Amino acid sequence: MDHSTKVQEVIPNLFREQYAKMTAVLCRHFGLAHIELAEDIVSDTFLKATERWTIEGIPQYPEAWLYTVAKNKTKDYFKHQAVFDQKVKSEISPHTDQEDLPIELDSTVSTDSQLAMIFAICDPIIPVEGQLCLALQILCGFSIDEISNALLTKKETIKKRLFRAKEQLRASNFEIQALLPTQINQRLPQVHKTLYLFFNEGYFSTNHNQVIRKELCYEALRLTVMLTANDKTNTAETNALLALLCYQSSRLDARVDHQGELVLFDQQKTEDWDTALIDKGNYYLVQATNQEETSKYHLEAAIAYWHTTQNPAKWMSILDLYNQLILVEYSPITALNRTFAFAQVYGVEAGIKEAEKLELLHNRFYFELLGYLYTPVHPQKAIHFFQQALALTQSPAEQNILHKKIAELTTQQNEK
């Protein structure tokens, strides 16, 4: 394998793993007001790596090479760019020396900087959509195109969201430094919410023909693990969220078949589930046990746990959990999932009556649920509801499933 081919394989993974760490470390020195400077230095470092490694080969310690080059580029900026001397250097802490920029990949500075960056991004003054864009770009190193694809949003809209979010980030005067207890208490719930939404963007992706974006799911998982590794953020709710993400991630490979098509839960092969992640989920759910705190993440993690079991009586427990969850935080999806569990416990006839009370006439999942419930008792109505769901679905993967369901039911009807 020549240098060029190997570099093309290694660089993307390194970029995913190191971009966020390097950017966070540099922001710790520059301050968030100069976040673009940190991003430029990191991007230039990876560009130089691609050029040099293609010719010379990948160094023995590529991460250390990246940090060393980033450090040298930072020193060059201070030395040769007068604007940085005037606007940046004067704002750096007097206790910070250019020679002290950390280059160790696993340094405490790197981890703490990323953690503080998460809290900076989750500033309440930044809209949720802006937080997601910042998280994807700064914490995960996604390009504008990748963010656009992940969020199914136009590139120009993404650019505007990032611009506004960074302006708001600068205005907040939040510094990349040790987190204060008050900052953690104020922002941790929003951090949880952002990571939860972040994961869902990957788990329920509508990006072209990709119904799942594993890289988003694993990045959300990585960042949540980081929260549990810090005593200040290792709360019961954090562990509950991590348990939920572990359970959901355990089924990622089973949700898509070899043709890249979505596989529904009841058709998944349990042998394709990742038992190691399920065990991790069990561990973090136990860690989350706290009689004084039962969050939506506790309830959702408990529901996800039951889905990993083969216990035939599990649906009553799942329904009970959904009854609690809908009181904690109502959403159409929660209501639909509760109705599905209700039908599993009391039968499809009772489930249909419960579902029709919801009247979610602009929600494709509502019509998919009705189609599912009507399939054994009134196939023609089921076809009608699946067609309504199809009209509201933009995801090619979901469209494919609905077309198959309609075709199967139509064939069955014609054979009678």
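Predicted model: local features only at pLDDT ≥ 70, side-chain atom pairs only at ≥ 80, totals over all residues.

Reader: Fine. How many helices and strands in the secondary structure?

Author: The protein has 19 helices and zero strands.

Reader: And what share of the residues counts as buried?

Author: 47% of the 416 residues. The protein exposes about 20900 Å². Carbon and sulfur atoms supply 51% of that area.

Reader: What about contacts between residues 24 or more positions apart?

Author: Such pairs account for 64% of the contacts with a separation of 6 or more.

Reader: On to the core. Which members of the largest nonpolar core touch the most others?

Author: Trp 53, Leu 66, Leu 134, Leu 139, Ile 147, Val 191 and Phe 198. That core has 77 residues.

Reader: Take Ile 147. What does it touch?

Author: Leaving out residues up to four places away in sequence, Ile 147 touches Cys 133, Leu 136, Gln 137, Phe 142, Ile 158 and Leu 162.

Reader: Which residues does the second core include?

Author: Leu 336, Ala 355, Leu 360 and Tyr 366 are among them. This core is separate and has 20 residues.

Reader: What does Glu 39 touch?

Author: Beyond residues up to four places away in sequence, Glu 39 touches Tyr 19, Thr 23, Gln 137, Ile 138 and Lys 166.

Reader: How far apart are Glu 39 and Thr 23?

Author: In space, 5.9 Å, C-alpha to C-alpha. In sequence, Glu 39 and Thr 23 are 16 residues apart.

Reader: Next, Lys 314. Where is it found?

Author: In helix 14, which covers residues 314-328. Lys 314 is buried too, at a relative accessible area of 10%.

Reader: And which residues does Lys 314 touch?

Author: Trp 306, His 307 and Thr 309, not counting residues up to four places away in sequence.

Reader: Switching to rings. How many aromatic pairs in the whole structure?

Author: Eleven aromatic pairs turn up. One of them is Tyr 247 with Tyr 305, a tilted pair. The centres are 6.3 Å apart, with 55° between the planes.

Reader: Where do Tyr 247 and Tyr 305 sit?

Author: Tyr 247 is in helix 11, residues 236-249, and Tyr 305 is in helix 13, residues 296-307. The pair links distant parts of the chain, 58 residues apart.

Reader: How covered is each, buried or exposed?

Author: Tyr 247 counts as buried at 0% relative accessibility. Tyr 305 is partly exposed at 30%.

Reader: What about Phe 367 and Phe 385?

Author: Phe 367 and Phe 385 form a stacked pair, 6.4 Å centre to centre and 20° between the planes. Phe 367 lies in helix 17 (residues 364-374) and Phe 385 in helix 18 (residues 379-391), so the pair ties together parts 18 residues apart in sequence.

Reader: Last one. Which residues do ring pairs link into a cluster?

Author: Tyr 366, Phe 367, Tyr 374 and Phe 385. Tyr 366 also belongs to the second core.

Terms used:
Residues numbered from 1 in each chain as written. Heavy atoms only, no water. Core = buried A, V, L, I, M, F, W, Y, C linked by side-chain atoms within 4.5 Å. Buried < 20%, exposed > 50% of the residue type's maximum accessible area, 1.4 Å probe, protein only. Contact = heavy atoms within 4.5 Å. Helix = DSSP H or I, 4+ residues; strand = E, 2+ residues; numbered from the N terminus. Areas by Shrake-Rupley, 256 points an atom, 1.4 Å probe, with all protein chains shown as cover. Phe/Tyr/Trp six-rings, centres within 6.5 Å; stacked < 30°, edge-to-face > 60°.
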